[in-house]
Amino acid sequence: AQQFLDRIEAHRELNAFLDVRPEVTLDQARRADEMLEQGKGGFLTGVPVAHKDIFVTKEWFSTAASRMLKGYKSPFDATVVARLKAEGMVCLGKLNCDEFAMGSANENSAYGKCFNPWDSRAVPGGSSGGSASAVAARLTPVATATDTGGSVREPAAFCGVTGLKPTYGRPSRLGMIAFASSLDTASLMAPSARDIAPVLSKMVGFDPKDSTSADHPTEDFSRNLGKSIEGLRIGLPRSWFSEQLSPEVRARIESVRDFYRDRGAVIVDMDLPMAKLGVPVYYVVASAEASSNLSRYDGIRYGYRAKDCATMDELIRRSRNEGLGDEPKRRIMIGTYVLSHGYYDAYYLKAQKVRRLIAQEFQKAFADVDAILSPVAPGAAYDFGEKADPVSAYLGDLYTVPASLAGLPSMSMPCGFTGSGRPIGAQLTTAPFNEALLLQLADAWQ
Ligand code: GLN
């Protein structure tokens with residue numbers, strides 16, 4: 001733990017961490033030592049972990065990278081945090097991200113952008129930019145993240161690490177600061193699938209305190225690691241390899257395809273044409289849910305409160321205006337618009353219907369293939385400021401949002417570099433509750 005704390009201190013320029021408290025970390029490390037001495041420890045006891053600042057923690061501030069929650073301390077630990085703590089994992093602190101997990105480049109954090117350790121001009125990806133940067137720079141062996149529409153997979157790809165979003169509902173959402181409740185999924189990042197598997201086994205599981213928690217047995221996700229992939233059917237959705245995709249990324253994904261073919265997997269030509277509607281559907285649904293979830297930040301119950309207000313109305317208005325950044329405000333406006341009387345049917349309801357069609361399309365596809373191989377993003381990490389126009393940033397989510405809308409497990413694994421040395425990721429997606437297969441496939445490649 002001390003070694004990682006020293007590394008975090010030595011790499012403060014990355015701005016990957018928002019809150020570090022060495023005394024609390026070292027105290028947890030001492031307790032882990034005691035657990036081990038008393039023979040009570042497990043495989044993960046003493047292994048350090050860092051949490052995205054979307055998970056609430058009792059001992060570190062929980063801000064969701066927003067000014068709105070500056071200095072906020074939660075009275076309880078998120079279930080994911082509590083589960084890993086109970087295993088004796090040692091928390092190194094809280095990680096930078098986009099404000100309320102809204103973004104794809106970590107440029108929306110109220111506490112400054114986070115840097116990509118491979119290239120200081122490149123974005124680390126987002127929203128879990130701090131998790132990706134910290135894992136890539138080896139400031140932590142494993143990090144939690146959240147994925148609503150790609151926030152674990154895209155930054156993992158941009159920083160050259162492995163990221164896994166489990167099936168929606170499999171990890172608890174209790175204590176995850178809400179963005180879009182029907183999509184938000186606790187996730188993990190680590191150097192490889194082999195590092196993720198044992199942590200995932202302890203992280204997921206039914207939580208009676210989360211109304212959307214899946215009552216599905218936990219399992220040993222390491223059990224398929226190293227097993228042959230011979231005979232497995234891997235589909236590549238044809239229309240996802242169109243002009244939007246950079247030739248460098250395309251070539252790397254094809255090399256993964258060829259590797260799997262050489263190992264005896266069956267490569268299947270298929271398509272997911274509905275998935276091209278993923279971006280508009282996602283930004284309607286996610287914004288609608290965000291506008292509802294963020295209504296709790298009223299300056300009264302908790303968080304930032306504007307000073308010297310004459311009326312209640314002014315207090316709420318000014319607290320939200322001063323406490324929230326541009327991106328959450330944009331989503332609240334989109335969300336209230338699509339939910340408002342007169343527009344609800346045309347936008348929100350329509351988006352829900354197309355969401356169902358996307359999910360059905362995947363369901364049909366998985367009757368024929370075991371997994372889908374695709375790009376994570378149309379290109380590698382871009383430069384800071386390059387996607388200042390929000391719509392151009394939203395469009396970059398085209399390959400990650402379909403699995404989110406369908407609630408499917410999906411992961412990103414490193415598969416090479418661009419000519420300028422920026423990492424490239426490949427995405428694997430399976431049917432619900434098939435994380436063990438995802439990890440097996442990623443491990444075979446790694
Ligand atoms: N980039 C997407 C967005 O801005 C996804 C974010 C996420 O998964 N939290 O909404």
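Colleague: Which residues of H6 are buried?

Modeller: They are Ala 193, Ile 196, Ala 197, Pro 198, Val 199, Leu 200, Ser 201 and Met 203. Bear in mind that this is a predicted model.

Colleague: Why is helix H6 called largely enclosed?

Modeller: Take the count. Of the 11 residues in H6 (residues 193–203), 8 are buried, so the rest of the structure largely encloses the helix.

Colleague: What covers the buried residues of H6?

Modeller: The cover includes helix H3 (79–86) and helix H14 (435–445). It also includes strands S5 (162–165), S6 (185–190) and S10 (410–417). Just after H6, Gly 205 has a positive phi of about 140°.

Colleague: What makes S6 enclosed?

Modeller: 6 of its 6 residues are buried, so the rest of the structure largely encloses S6. Both faces are covered. Thr 185, Ser 187 and Met 189 sit on one side, and Ala 186, Leu 188 and Ala 190 on the other.

Colleague: Why do the residues of a strand split into two sets like that?

Modeller: Side chains in a regular strand alternate between the two faces of the sheet.

Colleague: How many bridges join S5 and S6?

Modeller: 3, again in the antiparallel sense. Thr 162 stands opposite Ala 190 in S6.

Colleague: What about S11: how many of its residues are buried?

Modeller: 8 of 8, across residues 423–430. Pro 423, Gly 425, Gln 427 and Thr 429 lie on one side. Ile 424, Ala 426, Leu 428 and Thr 430 lie on the other.

Colleague: Which strands pair with S11?

Modeller: Strand S9 (residues 371–375) pairs with S11 over 5 antiparallel bridges. There, Ser 374 stands opposite Gln 427. S10 is joined to S11 by 6 bridges, and those two strands also run antiparallel. Met 413 faces Ala 426 in that pairing. S10 and S11 form a hairpin with 5 residues between the strands, where Gly 421 takes a positive phi near 85°.

Colleague: Which residues does UniProt list for "active site"?

Modeller: The unreviewed UniProt entry lists Lys 52, Ser 127 and Ser 151. They span 100 residues in sequence, but no two of their C-alpha atoms are more than 11.0 Å apart, so they gather at one spot.

Colleague: Why is Lys 52 called buried?

Modeller: The cut-off is 20 or more other C-beta atoms within 10 Å. Lys 52 has 31, so it counts as buried. This residue lies in strand S2 (residues 48–52). Its contacts beyond four places in sequence include Leu 95, Cys 97, Ser 128 and Thr 146.

Colleague: Is Ser 151 buried or exposed?

Modeller: Buried, because 37 other C-beta atoms lie within 10 Å. Ser 151 is in the loop between strand S4 (143–147) and helix H5 (153–159). Beyond four places in sequence, Ser 151 touches residues including Ala 101, Ser 127 and Thr 146.

Colleague: Which residues are closest to the ligand?

Modeller: Ala 101, Ser 104, Thr 148, Gly 149 and Ser 151 are the closest of the 14 that surround it. The shell divides into 4 nonpolar, 8 polar and 2 charged residues.

Colleague: What confidence does the predictor give the complex?

Modeller: An ipTM of 0.98 and a pTM of 0.98. For the protein chain, the mean pLDDT is 98, and 100% of residues reach 70 or more.

How values were computed: Residues numbered from 1 in each chain as written. Predicted model: local features only at pLDDT ≥ 70, side-chain atom pairs only at ≥ 80, totals over all residues. Near = placed C-beta within 6 Å. Nonpolar A, V, L, I, M, F, W, Y, C, P; charged D, E, K, R; others polar. UniProt positions renumbered as here; feature names shortened; annotations may be inferred. Helix = DSSP H or I, 4+ residues; strand = E, 2+ residues; numbered from the N terminus. Buried ≥ 20, exposed ≤ 12 C-beta atoms within 10 Å, placed from the backbone. Contact = placed C-beta atoms within 7 Å. Pairing = 2+ DSSP bridges. pLDDT = per-residue confidence, 0-100.
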